[in-house]
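Here are my notes on the model you sent.

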Amino acid sequence: MLTLTDTAATVVKEIVAGNGAPEGSGLRIEAEDQAATQFGVAIAPAPETGDAVVEHSGARVYLGERATIALDDKTLDASVAEDGRVSFDILPQAL
């Protein structure tokens, strides 16, 4: 199952809260192509049917079915640039 770094959890919580999303909302990730090489990210009030739910330090990430498979052995990390832009990185999980 996808894991989140502490930094990614903090960024996810800030993004969701900063958009005025209702309690229980999270970041939803879904593969945009059949090969699961491109991913779409959106704020969602709740998981969709079939989504896997990853929670870490109060952050919620909802994974669509293809994303769940593609990211099963990965870790989501995040960084924030000086200008406030956020970037997410998908890394191999540490053993």
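Predicted model: local features only at pLDDT ≥ 70, side-chain atom pairs only at ≥ 80, totals over all residues.

1. Strand E4 (residues 52–56) pairs with E5 in the antiparallel sense, over five bridges.

2. The turn deserves a look. Two residues lie between the strands in the hairpin of E4 and E5. Ser57 takes a positive phi there, near 50°.

3. E5 also pairs with strand E2 (residues 26–31). Here the strands run parallel, joined by three bridges. Arg28 has Tyr62 as its bridge partner in E5.

4. Is strand E5 largely enclosed or largely open? Four of the five residues of E5 (residues 59–63) are buried, so the rest of the structure largely encloses the strand. When you inspect side chains, remember a general point: in a regular strand they alternate between the two faces of the sheet.

5. Now the helix side. Val11 sits in helix H1 (residues 6–18). Its relative accessibility is 5%. The cut-off for buried is under 20%, so Val11 counts as buried.

6. Which residues does Val11 touch, leaving aside its neighbours within four places in sequence? The contacts are Ala78, Val80, Val86 and Phe88. Take Ala78 from that list. Val11 and Ala78 are 67 residues apart in sequence, yet their C-alpha atoms are 6.9 Å apart in space.

7. The wider contact pattern is worth noting too. Consider contacts between residues at least 6 apart in sequence. Of these, 53% join residues at least 24 apart.

8. On overall layout, the chain has two helices and seven strands. From the N terminus on, the order is β-α-β-β-β-β-α-β-β.

9. Does the radius of gyration agree or disagree with a compact globule? For 95 residues, such a globule would have a value near 12 Å; the chain has 13 Å, which agrees. The C-alpha trace spans about 30 × 30 × 25 Å along its principal axes.

10. Next, burial and surface. Of the 95 residues, 31% count as buried. The chain exposes about 5,600 Å², and carbon and sulfur atoms supply 51% of that area.

11. Last, charge. The chain carries 6 positive and 16 negative charges. Their mean positions are 1 Å apart.

Notes
Residues numbered from 1 in each chain as written. Heavy atoms only, no water. Rg over C-alpha atoms; globule rule 2.2 N^0.38 Å. Buried < 20%, exposed > 50% of the residue type's maximum accessible area, 1.4 Å probe, protein only. Contact = heavy atoms within 4.5 Å. Areas by Shrake-Rupley, 256 points an atom, 1.4 Å probe, with all protein chains shown as cover. Lys, Arg positive; Asp, Glu negative; His and termini not counted. Charge placed at Lys NZ, Arg CZ, Asp CG, Glu CD. Pairing = 2+ DSSP bridges.
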